[in-house]
Amino acid sequence: MSAPSGPGGYRRDREDRDDRRESTVKSRLRSRARKKARKQNKKSGFLRRKVCRFCADSSLQIDYKDAKALRLFTSEIGKMIPRRISGNCAKHQRQLAVAIKRARHIAIMPFAGHGI
Ligand SMILES: [Zn+2]
C-alpha cells in the first residue's frame, strides 16, 4: 500500500496478508493489462484467420485420382495434415480424407513414407 508497485509487478508473498482494498487495485491493474494485451494482439494481427482453399476457390475440386494435389495435404511421411493446421473447413477436410484413403487404396498415395 505505502510502496507503489510498478505496472505488472505483483508481489506474491504479500498477496494473502493484505486487505481487500489492495486486491481491488490489483484487479484494476490486471484488467488494464489484459485490455492492453488484447489491443496489441489486434494491432499486430498475430492471429490470422485461415481460409479453406476449397471454399475460397470453387474451381478447385477434390479428386482421389489427383495424387499431386492430395500430396499438399499430407506430411512427407504420408500422414494427413490436420484441419487446424491446413485451415480446411470440416466439410472439405472430410472429403479430402476420403479422397486420400481412396488414393492409398489404389496405390497412388503412400500409407507410410518411403523412409520407413
Ligand atoms: Zn471448405
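The legends below concern a predicted model.

**View 1. Leu-72 in the loop between H3 and H4.** Leu-72 sits in the loop that joins helix H3 to helix H4. This residue has 10 C-beta neighbours inside 10 Å, so Leu-72 counts as exposed. Ser-86 is 14 residues away from Leu-72 in sequence, and the C-alpha atoms of the two are 9.3 Å apart in space.

**View 2. The whole chain, as a guide to the close-ups.** The protein has five helices and zero strands, and the order along the sequence is α-α-α-α-α. Of the 116 residues, 9% are buried. Among contacts with a separation of 6 or more, 60% are between residues 24 or more positions apart. The average pLDDT of the protein is 78, and 63% of the residues score at least 70.

**View 3. Helix H5 and its buried face.** Helix H5 runs over residues 90–105 and has 16 residues. From first C-alpha to last, H5 reaches 23 Å, close to the 22 Å expected at 1.5 Å a residue. The buried residues of H5 are Gln-93, Leu-96, Ala-99, Ile-100 and Ala-103. Seen down the axis of H5, these buried residues fall within an arc of 125°, so they line one face of the helix. An α-helix has 3.6 residues a turn, so residues three or four places apart point the same way. Ala-90, Lys-91, Val-98 and His-105 are exposed on the other side of H5. The partners of the buried residues of H5 are helix H3 (67–70) and helix H4 (83–86), against which they pack.

**View 4. The largest nonpolar core.** How many residues does the largest nonpolar core have? The core has seven: Tyr-64, Leu-70, Phe-73, Leu-96, Ala-99, Ile-100 and Ala-103. H5 gives the largest share of this core, with four residues. In soluble globular proteins, nonpolar side chains tend to be buried together. One of the core residues is Ala-103. Apart from neighbours within four places in sequence, Ala-103 is in contact with Tyr-64, Ala-67, Leu-70, Ile-108 and Met-109.

**View 5. Ala-107, after the end of H5.** Ala-107 belongs to the segment after H5. Its phi is positive, about 65°, although Ala-107 is not a glycine. Is Ala-107 buried or exposed? Ala-107 has 9 C-beta neighbours inside 10 Å and therefore counts as exposed.

**View 6. Cys-55 in helix H2.** Cys-55 is part of helix H2, which covers residues 53–56. Cys-55 is exposed because 12 other C-beta atoms lie within 10 Å. With neighbours within four places in sequence left aside, Cys-55 is in contact with Cys-89 and His-92. Lys-91 is 36 residues from Cys-55 along the chain, and the C-alpha atoms of these two residues are separated by 9.6 Å. Lys-91 is also one of the exposed residues of H5.

Key:
Residues are numbered from 1 along each chain as its sequence is written. This is a predicted model: local features need pLDDT of at least 70, side-chain atom pairs count only at pLDDT 80 or more; totals for chains, interfaces and linings use all residues. Helices (H or I, at least four residues) and strands (E, at least two) are DSSP runs, numbered from the N terminus. A residue is buried if 20 or more other C-beta atoms lie within 10 Å of its own, exposed if 12 or fewer, and partly exposed in between; C-beta atoms are placed from the backbone. Two residues are in contact if their C-beta atoms, placed from the backbone, lie within 7 Å. The expected span of a helix is 1.5 Å times one less than its number of residues. The arc is that of the directions from the helix axis to the C-beta atoms. A nonpolar core is a set of buried Ala, Val, Leu, Ile, Met, Phe, Trp, Tyr and Cys residues joined through C-beta atoms within 7 Å. pLDDT is the predictor's confidence in each residue, from 0 to 100.
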